[in-house]
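This report walks through one multi-chain model, chain by chain and then contact by contact. Keep the structure open while reading.

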Amino acid sequence: MIQLLLNALSLTAAYSLLAMGFVLVLNATGAVNLAHGSFVIVGGLIAAALGSWLNLPGAALLPVVMAGMVLIGGGLALIAYYPLRDRPAVSVFISTISMGAILETASRLLFGPSPRVAPPIISSGSFQVGGVTVGIQAVSMIVLAVLLVGAQYVILSRTTLGKRLRAVAEDREIATTLGINVNTMILVTFGIAAALAGSAGLMFANTFYITPGDGEAYMIKTYVAATMGGWGSLRGAVAGALIVSIFEVLVPSLPVVIPVMAGAQSLFSPTASTIWLYLAFLIVLFFRPQGLFGEAVQQRA
Amino acid sequence: MKAIGAAAFAISAIYSWSACAQEVNLTVPIIVPITGLLALEGTSQLNGANLAVAHAPAGLKIKSQVIDSGTAAEGGANALERVATAKDVDFVVAPLFGTQVLAMLPTALDYKMPILAPTGTGPVTEQGNPYMFRLYPNDAISKVAHIRYVVDDLKLKKAAILYNTTGYGQSGFKFMSEYITKLGGEVVFSEGIDLSTKEISATLAKVQAAKPDVILVQMHSASIAMVVKQIAASGIKTPVVGNTTIAMPATASLLQPSDLKGVCAESASWVEKGKSPASDKFLEDYIAKFGAPPDAYAIQQYDGLMMALTAVKSGARSAEDVRKYMSSNSYEGVAMTYKSDGKGNLAHSVVIVCYDGTSLTPKLVKRYDDIAAF
Amino acid sequence: MNSAVRFRSLLAGAGLVALVAWPLVMSSPYDLRLFTLAGVFAILAIGYQFIFGYVGELSLAQGAFFGFSAYVTGILAAKGGQGFLVTLPASIIASVVLASLIAVPVLRLASHYFALATLGVGQVLLLLAIDWQSLTGGAIGLSGVTLPNVLGFQIGRGWPMLLLVWSFVGIAALVAFQTKRGLYGLACHVVRQNAVAAKALAIDPNALRFAMFLLSAALAGVAGALYAHTIRIVSPEGLDFKVMISCLTIAVIGGRTHIWGAIAGALIVIHLPEWLRSFEQSYLIITSVVLILILIVAPEGLAGLVDRALPPKTRIPTTAASVGALAESSGSGVLMPSETPILTIDGLTKTFGGVHALNAVSFSLMRGSITAVIGPNGSGKTTLVNCITGLYRADAGQITLGRSTITTLEPYRISSLGIGRTFQNLRLVEDMTVLDNVAVARFQTEKASFRETLFVGARDPMLERARHHALRALRQLGLEQMAGTKCGSLAHGTKRLVEIARALCLDPTVLLLDEPAAGLNETEQADLAVHLESLAARGLTMLIIEHNMEFLRSLATQMICLDYGQLIAAGRPREIYKNERVIEAYVGRRQAAEMPA
C-alpha cells in the first residue's frame, strides 16, 4: 500500500511538471500547445541517447537536456505559434498538432522505433524502510520535481524575468505598454514549458522507457490534468496531476486495498480506471468547467 | 580446328543465352508498418525481408518495393490494391498487424495474390482464404507450447495472465486461459493493459494478492520489459513465462541481466550458431547489416520470403504457381521446417528459451515441433 | 468585378470537370479505391462544416461519431447479417442519438471546454471498443462486413462502390447547399460571428448549434457506414483521434464553409500520403510542414484564397415592389406619448463582485415616448440595457413588458417579444452585406427552420421576404444605397445607422439605443433625430443612452439620470439639466478627475 502511494506520488510529481508547463504557455498565450506531449519524448530520448553514450546518471544529464529543450520549445514557438498568434485559436491547435507529428517522426528517424531506457536520476537501487522497499528513483523523482517547481516559483516571483513573464501572462497589452518585449517573453515561456516536459521525459525514460509513439498519451493526460485542476491555474495543474495519478495507480488497486471489491475485478482494470477518469473529467466539465482551482468561467454568449 | 572452335563458341553462346533467358525478374512488394505503434516489429520484418532479397537464389533479379502500411486498418489493403496488378509481382509481403491483414484478405482473394505475413493473431487463417500464408505459428499453436511448458515441464498450474489490449495480446490471452484450464490449471488473475500504459504497480499488486505460481505474459516490447523490470524490482520471485517479444534483443537491451533471471519465453523461432551453414550465414549477415541479432519477426519473414523465392527458382512463374508451391511443398528454413496445414499456417514449431540471469541472450531450453492446436 | 465573377464560374466549371475526370483518368483499382475513400471523408468533412464552419464550434466529436457509426454498421453487418438498407439508417440514427445525448450538457460550455468534452467522449468510446470484446471483436475488430447490397443489386468493388459513395457526397453537398444559402444559413453565420448580436435578433444560438451538431453527426453516420462497407472491417483504429485530426485538417485546408473546399480537402488529405510515398517515413514531416504553411498563408483554407482572389458575386435584390414607407400602425398622423406604460422597471439591482452596477432602479417607459438615459461614465447605463434585454440576469427587481414579466427570460426570447437594441460597441457582422445584416432580424418572424430550409427551391422565399423587409428598413434611414456593401467597409457613422435599421427590422415595440449618435457628424445627427421622431410618432417607444446633450435636446420627452447605479433624477429634460444632483454627479466626477493624483 505504501508502495502504491509512493508510486502515485512520484507519478504526480512528474505529471505536475507536464501540467504546469502546459498551463504556463496557456496563460501567456491563450493557446493550447498540443505538441507538449512530444516534448516529453524528445527530452526522454535525448536523455537516453546521452546516457548510453556518456554513462552518467540522469541528474548530470539534466542541465543538458533542459538546455536542449529550451531551444526546441523556443523553436516550436517561432514556427507554430508566432505566425498564427492573431488567428483564431483553432489555427494554433492544428499547427501544434503538426509540430508534434514532426517532432515524433524526427525522433523516430533519429533514434529508431525501439523503446529506449535512460539512466536513473541518481541510482536504480532501493532501500528498506520498515519492511517496505522504497525505490531510489521514485524518491528522486519527487525530490527533483519539487526542486524544479520550486525553482520555477522562485524565478516567477523573485526575478525580473519572472515578473515580466507574469505580466505577459496577466495582460499582454498592458505588458507591451510597460515596455516588455512580449514576443521574447512568450518564447521564454515556451522554452520553460519544454524544459519542464523534457525533465519529466528524462524521469519517465528510466522508470517506464520511452518510445517515439508515447507522445499522444502524455498529451491527453496533461490536457485532462490541466482541465480538472483548473484551466489556467498553476496550483490546479498540480491538483490535476494528482487526480490523474490517483486514477492511474490507486483506483486500479482498490480491489487489493479494499478486499470486498475484489469481486468486481473488471470495474477496476486499467482500461476501466481510464474510463472512470474520463467520466470524472466529463462530470467536472459539465458541473464545474473551471476545474478545482480555475477562475469562474463566464457563461458563453 | 576452326570448326571445333566455332562449335565451342556456338555451344557456349547458346548456353549463355539460355542462362540469360533463365534469369527471372521479380518485384517483391514489402508492405510493413514503419510508422506507428508497431514500427519496431515492422522494421524487424523489413530487415528480414531485405536480407532474403539479398540472399536470393542465383538467377533471380529481385527488386523490393517497400510501402509503409502505417496505423490505419486499411493501410495494408490500400497498398495491396496498388501493387497487385503489376505484371512482375507474384506474391506480396504483408504486415504483422493482424487487423491490417484481415482487411487485406478480400483484396488478396480478388486479385488471386498470395500474401505472406508473420502474424500470430488467430482469425487470419480462419477465413478460408487460400492466398493467406501465415509465417508465424498461429497463436492457437504457439500458446500450446507456452502452456505445455508451464504445466508439463515447470509443473505450475495457477497462472496470472497479463496482456496488452491489442489484437495480439487479446488473442494470446484467449488461448492461454483456454489451454491452461484444459490442462487442469486455473487462471487466478488476468488483466489487459493498454500499450501506452506505463504505471503498472496497481496491476502487480493485484497479481501478488492473487498468489499465482507463474506469471504468463503476452505483450509488446516496451510493456513486457516494464513488467519484467518492475517484477524484479519489487522482489517478486514468481517465475515469468512470456511471449516472444521478451526474447527479442531490442527488448532484452532495456533490462539488466539480473532482471531477467528466471524469465522464459515462448519464441516462434530461434537461430543458434552452428546449426547449419545457411543459418550461420543468415546470423552473420544479419548482425553485420543491421547491427543486432535478429528477432522472431525478422527470422520468420526471412524464411517465408526465401520459401517464396525458392518457389520461383524452381519454376513458379505466376502468382498461381507460387500459391500452389507454398500450399503443397515443405521448406527447410533457418528456424524450422515450414509446411502448410491446408489452411495457410506454415509454421508449426515453437521453442522455449530461458534467461539464466548472467547474460542478455537467452538459451534454448526446449523445442516443440508439429504442434497441433487443442 | 465582372471578370472576376466570370473567372470564378470558369474555375468552378473546370473544377467540376476535373473531379469527374479524375477517376476516369486514374482508373486503376487502387486509384478508384483511394478516390472512394476520399469520397467517404468528403462526406465526413461536409458534415463537420455544419458544426465547425457554419456555427463556429470546435467540436472534436466528429471522429467519434464516424467510428461509432462504422461499428454500428460493422456489428449489424458482420454479426447480424444485415444489409445496407438496414445498416445505413441504423448508423445515422445511432449517431444522431449519441449526438443529442451529449449535446445537451456539452453545448452550453465555452469553446475549449466544448472541444475537451467532445474529446473525452471519443476517448471513452475508443476504450469501450477495445474492451467490449464480445460485442466489438476487441482490438482486432470485426471482419466480414460485406459490400453493400441495395434492393437486391450487389454493389461490387471499384466503380460501383465509387459511384455509390460519391452519390452520397452529392446528397451531402445538396443538404449543405440548401442549409447555407437561405435565411437559416444567414442566422447560423450571425451566431458564429457574433452570438450576442444574434440573441438581440430573436435568434437562439443554442437551438441552431444543437441542430447543426446533430446534422454533423448524421453525416458522420453516413460516412461511417460507407467506410465500413468499403474497407469491409471495423476496428478501434476508426475511433482513433487521428481520424478527427484528418477531419479537422480537411476543414482547415479546404475552408470552413465551402462545400467544394471539403471535397478538395478530402482528396488532398487522402492522396497526399500516397503521393509522398517515396519519402517513406519523412512524408509525415512533409505533410505537417505543408499544413503549417497553409495555416500561415491561407487561414481560411483554399476556399478563402480563391474567395480573396476572385470575390463571389453579391446579389442585391432588384425587386422594387412596394417602395412605400414602412406602414407600421393602422392609423396615420401623429400620436402623442400616451400614459400607457409599455416597459416597467421596478427595483432593478445588479451587482458585480460586491459593486452595485445598478441599485434599485425604478422607472417606466410610456408608449410612444423617447426616454433619454444620461449619467457619467460607469453609472450603469449599458448595464441597465443589458439587464432589460436579458444579457445580464438581475439580482433583484422586476422588468415588465406590457403585461408579461420578462426579468428572467432568455435574451432571444425577450427580443422576440419586441424589444430591439443597438450596441455601444457595434455588433455587425463585418463580412456580410448591409442588407443581409438587417434581413437576419426577420429570422424568427419567418419561422425559418431547418426543415423548411432543406426544401426551398431556387430562391429561398423566407430570405426574399426578409430582404424585402430589410430594404424598407434601410430606406427609412436613407441607407438603401449601401444595401450590397459589406459592413466591414463602412464608415463608423454609417455602421451605427445600419445597426439601428437592423433593430427596426425586428418590428419592435420598444427600441433601446446605446449611444446612437456617437461618431455621427452634425448633419447626420439631425437626420437621425428626425427619423427617430417619426418612429416615435408612429408608436415606437424608445430609450436612448447618450452623452450628446445637443442631440437629446429636442428629441427626448423624458429623461432619467443614473449615478453609480442609482437613479438620481427623472423627469422632463429641462428640469433634469437644472437638477442639482445631476450637475453634482457630472461636475463632481470632473473635479475628481482633475484633482492632482
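## Chain B: overall form

Chain B has 374 residues, for which a compact globule would have a radius of gyration near 21 Å; the value for chain B is 22 Å, which agrees. The model is predicted. Along the principal axes, the C-alpha atoms of chain B fill a box of roughly 90 × 45 × 35 Å. Its secondary structure comes to 12 helices and 14 strands.

Chain C has 24 helices and 14 strands. Its C-alpha trace spans about 85 × 55 × 50 Å along the principal axes.

## Chain B: two domains

Chain B is divided into two parts by the domain assignment. Domain 1 covers 18-137 + 274-348, and domain 2 covers 140-268 + 351-368. Their C-alpha centres lie 28 Å apart. In the contact between them, 16 residues of domain 1 of chain B meet 14 residues of domain 2 of chain B. On the domain 1 side, α4 (98-111) and α11 (296-313) of chain B are the elements that give two or more residues. By class, that side divides into eight nonpolar, seven polar and one charged.

## Chain B: a seven-stranded sheet

Chain B holds an open sheet of seven strands. The order is β7-β6-β8-β9-β10-β13-β14, and the pairing is mixed. Which strands form the edges? They are β7 (186-193) and β14 (363-368) of chain B, and each pairs on one side only. From one strand to the next, the twist averages 20°.

Helix α6 (residues 167-182) of chain B packs on this sheet. It touches β6, β7 and β8 (214-218) of chain B. The direction of α6 makes about 165° with that of β6(B).

Take one strand pair in detail. Strand β6 (residues 158-164) of chain B runs parallel to β7(B), and seven bridges join the two. Within β7(B), B:Val187 stands opposite B:Ala159. In general, strands of a sheet pair through backbone hydrogen bonds, either parallel or antiparallel.

## Chain B: a loop residue

B:Lys87 lies in a loop of chain B, between α3 (75-83) and β3 (92-93). Is B:Lys87 buried or exposed? B:Lys87 is exposed, because 7 other C-beta atoms lie within 10 Å, and a residue counts as exposed at 12 or fewer. B:Lys87 and B:Pro239 are 152 residues apart in sequence. In space, their C-alpha atoms are 53 Å apart.

## Chain C: domains 2 and 3

The domain assignment of chain C gives domain 1 (28-241), domain 2 (331-418 + 508-597) and domain 3 (429-507). Taken over C-alpha atoms, 26 Å separate the centres of domain 2 and domain 3 of chain C. The contact takes 12 residues from domain 2 of chain C and 10 residues from domain 3 of chain C. On the domain 2 side, α16 (411-416), β11 (510-514) and α21 (522-537) of chain C each supply at least two residues. That side has six nonpolar, five polar and one charged residues.

## Chain A and its partners

Chain A touches chain C. There, 33 residues of chain A are in contact with 31 residues of chain C. On the chain A side, α3 (58-81), α4 (89-111), α9 (215-229) and α12 (270-287) of chain A give two or more residues. Which element gives the largest share? It is α4(A), with 12 residues. The chain A side divides into 23 nonpolar, seven polar and three charged residues.

Chain A also touches chain B. This contact takes 28 residues from chain A and 29 residues from chain B. The elements of chain A that give two or more residues are α1 (2-29), β2 (132-135), α10 (234-250), α11 (254-257) and α12. The largest share, four residues, comes from α1(A). By class, this side of chain A has 14 nonpolar, 11 polar and three charged residues.

Conventions
Residues numbered from 1 in each chain as written. Chains lettered and ligands numbered in written order. Predicted model: local features only at pLDDT ≥ 70, side-chain atom pairs only at ≥ 80, totals over all residues. Rg over C-alpha atoms; globule rule 2.2 N^0.38 Å. Domains from an automatic or database assignment. Contact = placed C-beta atoms within 7 Å. Nonpolar A, V, L, I, M, F, W, Y, C, P; charged D, E, K, R; others polar. Pairing = 2+ DSSP bridges. Axes fitted to C-alpha atoms, helices over the stretch in contact; angles between N-to-C directions. Buried ≥ 20, exposed ≤ 12 C-beta atoms within 10 Å, placed from the backbone.
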